[in-house]
Structures are given as C-alpha cells and as structure tokens.
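Good morning, and thank you for coming.

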Amino acid sequence: MAEILEIWGGRPLYGTVEIPSAKNSVLPLLAASVLCREKVCLKKVPHLSDVEVCLALMRSLGMDVRYGDTGVVIQPTANVEDASLQTELMQKMRASVLFLAPVLARCGYVEASLPGGCRLGKRPIDIHLDGLEHMGANVRWHGERLCLRAPRGLMGTKYTLRYPSVGATETLLLASVCAKGDTVLHGAACEPEIVDLANFLNQCGGKITGAGTETISVQGVSRLSGGAYTPIPDRIVGATWACAAAAAGGCVTLEGAQPEMFAPVLDALEQAGCRIWRRKNQVKIERRKELVGIGERKTAVYPGFPTDAAPLLAAALLGASGESCIRDTIFTNRFACADGFLAMGANVHRIGSDLRILPGGPLHGTTVAAQDLRGGAALVIAALAANGKTKIEDSFYIQRGYADLPQQLRRLGVKIQVKKT
Ligand code: EPZ
C-alpha cells in the first residue's frame, strides 16, 4: 500500500533524536555475514526496507535470519543452498550487488541480474566485475543474467581501482578476506563504512590492514567466525537532522552522532549561520536567525562533502538570503528533487550536475513526489520550512533509509500524518 506524508511546516524543531546504525554499513555487514561460520548479531539496526530486502536475499540462500528490536541475528549456515540471486530482490536496491562476492566465495558460483537502486545517473558495476576477474573469477553474461564462476576459489591479487568506488571496494574486501593468498587494493574508497566493514571482518578473524586509506592489504584466511557487532552511526541520517534543524529553525540534539564523520556538512551549516556544538558522540545544532548563502560547494569522496548530503543541504539553503551553488561530482542525476523545490516556490536552477539556489519568496506547501531516497528526505526538509501543508508522494523511497521518520518528527514538534492510498 502506497503512503503519502502530509507535513504542516513553519514550526521550529526542538528536542533530541537518536542516530541509528548506518544503513550503508549494515548492508555490507549483512553481505559479509554470508561468509561467517558462527552466529552474527548486528546491533542497533534500524527498521528499513533496504535491510528487509537484504534479509530476504539471505533467506533465499537458505540462511536463518531474525530481525528484532535489538538488531539482526544471523545463524551460520553449513551450506549456501542456492547460488542464484532472485532478480526481483536484486532489482530492489544497489547494495544487492554486495552479495555476489560472498556467495561466489562460498559456492564457487553465483548467478544474478544487475542491481537496481536510486536513479542517480549511470551506475555500472564494471569495477566490481573487473576486480573479481583479477581474482580469478570467470564472468559471463547469459542474456540479462550474470554468471560468475571460481570453482577453485578466489585468488589474492594486486588490483588498482580506476575510481574509489565504495561498493567495489566492499566487493573486493568481501572477495579477498577468505581468498587464497594476499591481496593489495590500490585506489580504494576511504569512507567510514569501509573501515566499519574491515573492523567487522577482522573481529571475525580476517586480516585486513589499511582500511580508511587508499591502499588496503588483505591476508586471506580460511575461515571467518562471527560475534556481536555494533555498526557505526549513520552520518547521512545525522546530516539529515542537522539540515532539517537548519531549515525549520529551533534547536536539535543528535545523540550518538560522530561529528567528524559529517564535518563538511556541519561546516557548511555553520557558514550559513547555524550554531553547532560538536562532542564525541553528540552534536547540537541551533538556528535562530535567517540563513545566508554559502557560495559554491562541490561533493567529493570521503573526507569531502558527501554526495548523499547534497540535496539535504540544498533543501536547508532554499530560504537563505544569499546565493549557493552545489555541484555533485559523483552522480549525474543527484538533484531530481529540484522539481519538488520549484513546485514549493523555491528559486532553484538545475544546470547539468549543479543546483543553483537563489534567494526567493517564502516556500509554500503543495503536492510533490519523492524520486529517490535522499531527494525524498530533502523534500521533507523543505516541507518543514514551508508555510502550510506539503504532501509527499512515493514516500517508500524515504523508508529505504529512514526508520520511523513520522514518529521522530512528531517528537520534535512537527505536525505530520501518514495517509495510506
Ligand atoms: C554507495 O553507493 C552508497 N550506497 C550511496 O548511498 C552513496 O551515494 C555512494 O556510495 C557514494 O558515496 C551504499 O553504500 C549502499 P560508488 P555505491 O560505487 O557503492 C561509479 C544512499 O542514499 N562506479 O562509490 O553504489 C558510479 O557510477 C546511497 O544511501 C562505476 O563507474 O557508490 C558513481 O558515479 C545512494 N563503476 C561513482 O562510481 C563501478 O563499478 C560512485 O559510486 C562502481 C561505481
């Protein structure tokens, strides 16, 4: 059943939100647990549709997984029963591609279709496949189905990624951790979620060094155990609440947030006129006066300004008194949410991968549609600042990355209704 969010804007936000485990850590950790020979418990896992899709994929492999209030429990499986990943599940999200390497490593074979995911522009998987080929996998296409074989197991290698892709770095870590021999990855992604994956694999007996730098070394081990693990807090959820407070005004405390993980977003909001208090596991953000434009900002790989936060920051700056321009250098279609911003009366111009934000009149509520996860969250942020009621259609996109958003907003004083259609 489809859901529409109805948000009455124009009220400042006051209160505290808890930052959950990072979706983009949890998904690779679930893929990693396919390799584990003992029970795995992932803690503080938020209830998200993307997590449900991963669990459905794992069940289709014959794994016993439970998703409770405290997290996810995965029982070890003696044999992966079916190395054919269902097309319907693969196409529900991009992170489904992360299951290729662990299933290939366990079965010597995996068959799947291309992954789906947010339509942010072209999202090929050539680096994932090229890296796996370097490790000895045989890659073949049968129509739309992709077949990977490594009957004698994956082999350690030296490999340079042509671009520091987050997903491809994760694939190659998952492929190399139990491969025969040593692997060195050059040009690896440095995002905190890569470090989290490496920490989890090392806790299970993996031998990985250098995660968080461009060169990662992996000594293949024959077996991974399991154990309990708490993933890192979600830096993009942290950025979302910070931008929401900036847009609506008020004062919000982000409990459990690690400010250094989304420092460029906090710096931009500070430059726009917010007051920010950074503590070890907490951030407080306050906005009392009108925001000002911040000039130009470009997204970049970590530790640069995160692409996922580009639409969120844009939404916060719609009511600013000066000009801002945000350029996304990672994806070509990052600002699909601009259609919704325009419908709400914002003065924005989308030119290629740039979004130019000029001072305009006050935002007003209307009906808009989410077109992807972060763009959908950006529409929520804009709605919080708009006068009157905004209806956000296709809110299932937002549920991919934000657990129980209406309830969280209500706790901060927002009037919001969820309508089922
Ligand atoms: C991860 O996606 C995140 N998803 C994305 O978050 C995030 O936007 C992105 O990293 C960048 O930070 C997860 O972690 C599950 P990439 P991923 O591979 O791994 C190109 C969200 O909203 N590329 O680093 O798919 C690609 O086309 C999501 O939570 C290739 O050309 O990102 C893109 O332009 C959305 N060939 C660039 O690299 C490849 O084989 C970055 O992609 C792989 C990628």
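Helices (H or I, at least four residues) and strands (E, at least two) are DSSP runs, numbered from the N terminus. By that definition, the protein chain holds 14 helices and 23 strands. Its radius of gyration, taken over C-alpha atoms, is 21 Å.

Before I continue, a word on the source. This is a predicted model, in which local features need pLDDT of at least 70 and side-chain atom pairs count only at pLDDT 80 or more, while totals for chains, interfaces and linings use all residues. Residues are numbered from 1 along each chain as its sequence is written, and side-chain values use heavy atoms, with hydrogens and water left out.

Let me complete the overall picture. Along its principal axes, the C-alpha trace spans about 65 × 45 × 40 Å. A residue is called buried under 20% relative accessible area, exposed over 50%, and partly exposed in between (1.4 Å probe, protein chains only). Of the 421 residues in the chain, 57% are buried. Contact means heavy atoms within 4.5 Å. Among contacts with a separation of 6 or more, 71% are between residues 24 or more positions apart. The chain exposes about 16300 Å², and carbon and sulfur atoms supply 49% of that area; accessible areas come from the Shrake-Rupley method with a 1.4 Å probe, and for residues only the protein chains shown count as cover.

Which residues touch Leu-146, leaving aside its neighbours within four places in sequence? They are Leu-100, Val-110, Glu-111, Ala-112, Ile-125, Leu-129, Val-139, Arg-140 and Trp-141. Leu-146 belongs to strand β8 (residues 145-149) and is buried, with a relative accessible area of 1%. Val-110, one of those contacts, is 36 residues away from Leu-146 in sequence, yet their C-alpha atoms are 8.2 Å apart in space.

Leu-129, also on that list, is one of the buried residues of helix α5 (residues 126-134), the others being Ile-127, His-128, Gly-131 and Leu-132. The cover over these buried residues includes α4 (100-107), β7 (138-142), β8, β9 (158-160) and α6 (166-176). After α5 comes Gly-136, with a positive phi near 100 degrees.

Next, the charged side chains. A salt bridge is a side-chain nitrogen of Lys or Arg within 4 Å of a carboxyl oxygen of Asp or Glu. How many salt bridges does a search of the whole structure find? The search finds 19. I shall show several of them.

In one, Arg-66 pairs with Asp-64, their closest N and O atoms being 3.4 Å apart. Arg-66 is exposed at 55% relative accessible area, whereas Asp-64 is partly exposed at 32%.

In another, Arg-275 and Glu-286 meet at 3.8 Å, N to O. Arg-275 lies in strand β15 (residues 275-279) and Glu-286 in strand β16 (residues 282-287), so this pair ties together parts that are 11 residues apart in sequence. Glu-286 is buried, at 12% relative accessible area.

A further bridge joins Arg-334 to Asp-328, with 3.8 Å between the closest N and O atoms. Are these two partners buried or exposed? Arg-334 is buried at 2% relative accessibility, and Asp-328 is buried at 3%. Finally, Glu-6, Lys-389 and Lys-419 are linked in a network of salt bridges.

I close with the backbone. Most residues other than glycine have a negative phi, and most peptide bonds are trans. Three places deserve mention against that background. Lys-44 has a positive phi, near 55 degrees; this residue sits in the loop between β3 (40-43) and α2 (49-60) and is partly exposed at 49% relative accessibility. Asp-404 likewise has a positive phi of about 55 degrees. Its loop runs between α13 (396-399) and α14 (405-411), and Asp-404 is partly exposed at 48%. Lastly, a cis peptide bond joins Tyr-302 and Pro-303, with omega about 10 degrees. Pro-303 is located in the loop between β17 (295-298) and α10 (310-317).

Thank you for your attention.

Note on methods
The radius of gyration is taken over C-alpha atoms; the globule rule is 2.2 Å times the number of residues to the power 0.38.
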